[in-house]
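Here is a short briefing on one protein chain. Please look over its sequence and model before reading on.

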Amino acid sequence: MNGATAKAPDAGQGDIRMSDTTNTDAPKSEPGRARALLSTADMKLLRRALESHARTTEDREELAKINALHHRLGTYVPSTQ
């Protein structure tokens with residue numbers, strides 16, 4: 001810009017400034033509908049992997065965690081669209 005400084009237009013000329021369009025009090029739009037992250041086939045595969053791991057582990061605490069997760073995956077009901 002040849003060293004010249006650009007001047008902002010006068011506020012009275014109908015220009016829209018950032019402060020005029022930003023409204024922090026306005027309600028935010030709702031997020032879109034959530035989609036399933038894992039398919040039913042994915043859940044079955046995860047359950048089988050947990051079953052396999054449970055058969056090989058001897059740590060009772062880890063086995064309890066595996067069993068709880070296995071149960072939660074089994075009660076998972078995917079949303080229908």
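This is a predicted model: local features need pLDDT of at least 70, side-chain atom pairs count only at pLDDT 80 or more; totals for chains, interfaces and linings use all residues.

Residues are numbered from 1 along each chain as its sequence is written, and side-chain values use heavy atoms, leaving out hydrogens and water.

**Fold**
- The protein chain has three helices and zero strands, where helices are DSSP runs of H or I with at least four residues and strands are E runs of at least two.
- The order from the N terminus is α-α-α.
- Contacts are heavy atoms within 4.5 Å; among those between residues at least 6 apart in sequence, 40% join residues at least 24 apart.

**Surface**
- Of 81 residues, 9% are buried, meaning under 20% relative accessible area with a 1.4 Å probe, protein chains only; exposed is over 50%, and partly exposed lies in between.
- The chain exposes about 7,700 Å², by the Shrake-Rupley method with a 1.4 Å probe.
- Carbon and sulfur atoms supply 54% of that area.
- Leu38 sits in the loop between α1 (18–21) and α2 (40–56).
- Leu38 is partly exposed, at 33% relative accessible area.

**Thr57**
- Thr57 lies in the loop between α2 and α3 (60–74).
- Thr57 counts as buried because its relative accessibility is 14%.
- The Thr57 side chain reaches the backbone nitrogen of Asp59 at 3.5 Å.
- Leaving aside residues up to four places away in sequence, Thr57 touches Glu62, Leu63 and Ile66.

Conventions. A polar contact is a pair of N or O atoms within 3.5 Å; within protein, one must be able to donate a hydrogen and the other to accept it, and residues adjacent in sequence count only if both atoms are side-chain atoms.
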